[in-house]
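This briefing covers strand pairing and charged side-chain contacts. Please look over the sequence and the coordinates before reading on.

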Amino acid sequence: MTPGTTTPDTTPDAPHRGRRIARRLPVIGGVAAAGVLVLAGPAFAHVSVVPGTAEQGSYATVNIKVPNERDHASTVKVEVNLPTDHPLASVMPQPVPGWKVEVTEAKLDKPLETHGEKIDKAPSKITWTADGKGIAPGQFQQFPLSVGQLPDHADQIVFKALQTYDNKEVVRWIEPAKKGAPEPENPAPVLALTPPAGGADGAGDAKPAATTTAAADASGSDSTARVLGVVGIVVGIIGVGFGVFAGRRRTA
């Protein structure tokens with residue numbers, strides 16, 4: 001045998017080992033795919049606000065994103081409670097086909113001044129009720145809202161939500177997330193507030209508008225980074241599998 005060459009595996013069971021490896025590779029892929037679902041699932045399973053950031057003192061258009069987490073029930077009702085510590089004078093829902101919407105107002109303990117006017121009541125709850133099949137298993141629905149004027153000095157707005165299924169189950173998305181602590185099982189949707197890009201002086205003149213493209217891009221970039229990270233893990237698992245089986249074949 002010439003130095004540097006490799007003798008082909010001519011043992012009688014070599015073809016069988018090759019077939020065993022081929023049969024096991026889909027198993028490795030299945031395990032990797034399951035890992036993707038386990039890792040990616042929690043990031044997309046909660047009721048949330050999309051995009052998740054807006055400028056302080058501004059008006060913003062956001063979506064309440066509601067996924068269906070059940071296999072055999074549909075979501076037929078969504079209730080979002082608006083903050084009472086930072087009341088919002090303007091809350092306008094966009095019509096959603098297949099859903100009826102109702103805005104409930106409450107009297108304020110302290111009148112709110114906006115655009116030179118004092119108001120003594122503000123929206124306190126929004127209720128969407130399905131007039132059709134609702135959100136089926138494996139699907140999600142977004143409920144657009146125009147909200148404002150957002151507080152000038154708060155760092156977030158919490159929208160506590162109740163999700164009702166057609167089997168009468170109610171999931172309460174009301175648990176506050178605490179810094180440095182694990183995420184609660186049913187976290188409340190949160191809209192993070194950031195300082196205005198043009199400075200605080202122009203905040204009072206803000207008009208209703210969609211949340212900045214930069215915020216949406218940041219949200220998209222974060223999701224892309226998560227997906228790429230998961231893909232990297234999957235590729236690593238498959239690579240390890242190839243290495244193990246290849247090593248066994250050589251030693252055999």
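Which side chain meets that of Lys 125 in a salt bridge? The partner is Glu 79, at 3.5 Å from N to O. The model is a predicted one, and a search of the whole structure finds five salt bridges in it.

**Open sheet**

- Four strands make up an open sheet, ordered S1-S3-S8-S5, with antiparallel pairing.
- The edges are held by strand S1 (48-50) and strand S5 (90-93); each has a single partner strand, so one side of each lacks a neighbour in the sheet.
- On average, neighbouring strands of this sheet are turned by 30 degrees against each other, with direction ignored.
- S5 is joined to strand S8 (residues 140-148) by four bridges, and the two run antiparallel.
- Pro 93 has Leu 145 in S8 as its bridge partner.

- Glu 79 has a relative accessible area of 12%; because buried means under 20%, Glu 79 counts as buried.
- Lys 125, at 25% relative accessibility, is partly exposed.

**Salt bridge Glu 105 to Lys 121**

- The side chains of Glu 105 and Lys 121 meet at 3.7 Å, N to O, in a salt bridge.
- Here too the pair links distant parts of the chain, with Glu 105 in strand S6 (residues 99-114) and Lys 121 in strand S7, 16 residues apart.
- Both residues are partly exposed: Glu 105 has a relative accessible area of 44%, and Lys 121 stands at 47% relative accessibility.

- A salt bridge joins the side chains of Glu 69 and Arg 70, with 4.0 Å from N to O.
- Glu 69 is partly exposed at 29% relative accessible area, and Arg 70 is partly exposed at 26%.
- A network of salt bridges links Glu 69, Arg 70 and Glu 169.

**Background**

- Side chains of opposite charge can pair when their charged atoms come close.

Terms used
Residues are numbered from 1 along each chain as its sequence is written. This is a predicted model: local features need pLDDT of at least 70, side-chain atom pairs count only at pLDDT 80 or more; totals for chains, interfaces and linings use all residues. Side-chain values use heavy atoms; hydrogens and water are left out. Two strands pair if DSSP finds at least two bridges between them. Axes are lines fitted to C-alpha atoms, for helices over the stretch in contact, and angles run from 0 to 180 degrees between N-to-C directions. Buried means under 20% relative accessible area, exposed over 50%, partly exposed in between (1.4 Å probe, protein chains only).
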